[in-house]
Amino acid sequence: MFEFTPAELAAIALSIRVASVATLASLPFGIAMGWLLARARFPGKSLLDALVHLPLVLPPVVVGYALLVAFGSQGVVGRALAPLGIEFAFRWTGAALASAIMGFPLMVRAIRSAIEATDRRLEQAAATLGATPWRVFTSVTLPLAWPGIVAGAVLAFAKALGEFGATITFVSNIPGETQTLSSAIYGLLQVPDGEAGIWRLAAVAVAISLLALLLSEWLVRRQRGDEVT
Amino acid sequence: MLSLDIHLRRGAFRRHVRIEDAARVIALGGASGAGKTSVLHAIAGLVRPLSGYIEVEGRRLFDSARGIDLPPHERRIGYVFQDTRLFPHLDVRANLHYGRRGPGFDAAGSTDIVELLGIGHLLGRRTANLSGGEAQRVALGRALLSQPAVLLLDEPLSMLDQARRDELIPYLQRVRDRTRLPIVYVSHSMEEIRRLTGSVHRLE
Amino acid sequence: MITAGTAQGHSKRGRDRAFPRRLFARAWALLAGAVLLCSSVSGFAAPPTGRGAPLTVFAAASLKEALDEASAAYTAANGQAVRVSYAASSVLARQIQQGAPADVYLSADRDWMDVLQQDGLLDDGTRRDLLGNRLVLVAPRASGAAAIQLRPGVDLLPRLGGNGRLALAMTASVPAGRYAREAFTALGVWDALQPRVAETDNVRAALMLVARGEAPLGVVYATDARAEPRVYVVATFAPGLHAPIVYPVARVKASRHPAAGAFVTWLATPAAAAIFHRRGFRVP
């Protein structure tokens with residue numbers, strides 16, 4: 001029962017890679033956007049907030065199609081990036097991009113909440129001690145918002161692991177390149193004797209998610225230091 | 001050492017504050033809510049006055065007429081807050097050294113201040129485990145170690161009970177005498193003020 | 001203003017308030033009532049039946065335009081509303097296996113219809129072969145690609161360029177993909193092509209990739225190529241290279257809709273056949 005076919009193993013490895021890259025690459029943007037929405041005041045802020053949440057409300061296939069139009073080999077951005085050697089069409093990088101975009105709203109929400117909850121009075125204290133706004137951000141705001149940032153990363157990772165509609169529309173289903181766990185399961189769903197494979201892959205998906213959660217717990221606890229009970 | 005003439009926003013009103021004092025240690029007194037903290041915030045750059053100027057030890061920190069408004073991190077003021085505001089994610093030692101500047105930091109001076117305030121035994125502790133008095137001494141040490149040009153103390157004892165207050169006042173006197181720093185001390189307790197300085201400005 | 005507490009801890013006072021039990025209970029009652037109301041009003045408990053309810057048809061994606069037109073004609077003639085759900089035949093078959101409320105199933109190959117028949121899910125008496133189709137190789141209109149002869153051993157790799165891909169539906173399950181794989185295997189070129197393939201959810205998604213110029217070549221049905229002005233046919237697969245492309249239709253046994261059987265019958269009438277024929281389908 002637990003013998004994985006090479007195609008299944010490839011899908012698992014690809015999913016881990018795609019989800020990890022998607023999460024880590026979007027983290028700086030998520031933090032920046034979370035800070036912007038939490039702290040800055042500027043005209044059009046609500047519009048920006050709505051735009052960030054678009055992938056959450058649009059059907060995934062629509063997001064995938066939009067990515068195809070923009071980042072495909074014929075797309076505006078795709079053509080601009082091609083000379084730089086950056087390609088998304090039919091590549092795992094495209095799958096990572098799709099996952100990153102779909103998970104972005106969740107990441108930003110969590111990080112924004114965390115930054116809103118940090119005590120601005122502590123930031124004031126840091127400023128009086130001579131810390132530049134950047135140093136205040138990195139030495140006070142970020143560490144205090146850390147649990148929320150980790151939570152945002154876990155959410156984005158989980159979403160990336162489960163992402164399907166946008167991925168298959170954007171980069172289709174190419175074993176070894178863009179066939180993630182979800183695509184593999186979807187394919188097995190349509191094959192009459194694919195049941196065993198589906199359960200195997202689903203079990204792996206659950207295991208990976210649990211590991212990600214455990215990792216996030218450890219990351220938060222480690223940052224808190226030796227808390228005397 | 002303090003020369004300021006500012007208009008502050010107080011809700012729907014404007015408040016005019018004028019202080020001209022050459023004494024090294026100055027106190028701002030008055031009932032709670034009279035706006036003393038706002039003046040300190042303005043000196044620190046945490047609040048921008050509607051108009052006016054602020055000069056400390058001959059340095060202009062704010063001048064609306066000339067378009068001068070130094071950001072807080074450039075004003076070289078050491079601020080001790082009423083609610084201590086120690087960083088919860090750093091231990092005592094890291095809090096103390098937060099404001100240290102560059103390689104020219106004076107390690108010996110740091111030991112002096114730690115001894116002065118009697119907080120050497122607290123260095124490895126987390127901030128959550130400090131008593132009110134200990135926390136305030138650490139906050140004081142942190143402000144001093146950032147090598148400020150002036151020390152601002154915003155009702156530092158008002159959150160402590162009488163016993164702790166009596167314990168802490170000698171430390172404040174030590175800081176006053178041994179560091180020779182200009183100090184602006186805010187309190188609603190005239191008794192505290194009397195024990196620290198002769199120069200008082202009352203805000204109504 | 002004096003703030004209570006140091007910066008280290010948050011006040012716990014707010015959390016000790018008594019849990020608002022009454023509010024909670026009322027909210028639950030309201031929610032339960034709403035759910036019950038909705039189920040009774042919309043007949044949530046049982047699928048809609050009766051003449052007034054629309055007929056639900058599950059149909060292969062490649063039938064989109066033709067069946068839309070045909071079912072509109074049926075509605076105009078009989079006053080019976082029809083709603084069609086288009087997807088890969090494989091997906092639809094699996095959904096019917098899981099109890100999806102389809103009244104009629106129109107597949108793009110016999111295999112999936114056989115699967116349902118073996119499971120006893122079809123009204124066997126209503127099953128019939130309805131349409132035929134041809135498999136074609138298409139290219140984006142703007143590419144100006146020359147026609148190709150699909151002979152055994154034909155080398156398509158130069159046509160794909162450095163990193164271009166051949167778009168087709170999932171070859172393990174979707175009929176269009178299966179026919180394509182079968183044909184390429186018969187030509188002896190599948191092993192060379194397989195690493196250069198982009199498999200999509202259904203045949204229309206493959207069509208879309210070629211139409212957008214994302215894929216230099218794709219395998220779709222002749223009817224798909226006709227429906228999409230942005231592609232053109234560079235080659236037609238000889239019918240012998242793959243199993244005959246047959247679209248069988250049948251009534252789903254679990255269906256309670258009185259018009260289901262009539263609709264299946266109507267699809268074979270000359271009136272319907274004309275519509276399909278106009279769109280490029282082969283009618284027996």
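1. In chain C, 12 residues of domain 1 are in contact with 14 residues of domain 2. Two residues count as being in contact if their C-beta atoms, placed from the backbone, lie within 7 Å. On the domain 1 side of chain C that touches domain 2, helix H2 (64–78) and helix H3 (89–97) each supply at least two residues. H2(C) has the largest share of that side, three residues. By class, this side of domain 1 of chain C has six nonpolar, three polar and three charged residues. Nonpolar covers Ala, Val, Leu, Ile, Met, Phe, Trp, Tyr, Cys and Pro; charged covers Asp, Glu, Lys and Arg; the others, Gly among them, are polar.

2. A note on the source. This is a predicted model, in which local features need pLDDT of at least 70 and side-chain atom pairs count only at pLDDT 80 or more, while totals for chains, interfaces and linings use all residues. Residues are numbered from 1 along each chain as its sequence is written, and chains are lettered from A and ligands numbered from 1 in the order in which they are written.

3. The domain assignment of chain C gives domain 1 as 55–132 + 247–278 and domain 2 as 135–241; such bounds come from an automatic or database domain assignment. Taken over C-alpha atoms, the centres of domain 1 and domain 2 of chain C are 27 Å apart.

4. Chain C as a whole has 11 helices and 10 strands. These are DSSP runs numbered from the N terminus: helices are H or I with at least four residues, strands are E with at least two. Of the 284 residues of chain C, 40% count as buried, that is, 20 or more other C-beta atoms, placed from the backbone, lie within 10 Å of the residue's own. Among contacts in chain C with a separation of 6 or more, 76% are between residues 24 or more positions apart.

5. Between chain A and chain C, 19 residues of chain A are in contact with 18 residues of chain C. The elements of chain A that give two or more residues to this side are H6, helix H8 (165–171) and helix H9 (181–189). The side of chain A that touches chain C has nine nonpolar, eight polar and two charged residues.

6. The contact of chain A with chain B takes 14 residues from chain A and 17 residues from chain B. Helix H6 (120–128) and helix H7 (133–162) of chain A are the elements that give two or more residues to the chain A side. H6(A) gives the most to this side, with six residues. The chain A side that touches chain B divides into nine nonpolar, four polar and one charged.

Terms used
A residue is buried if 20 or more other C-beta atoms lie within 10 Å of its own, exposed if 12 or fewer, and partly exposed in between; C-beta atoms are placed from the backbone.
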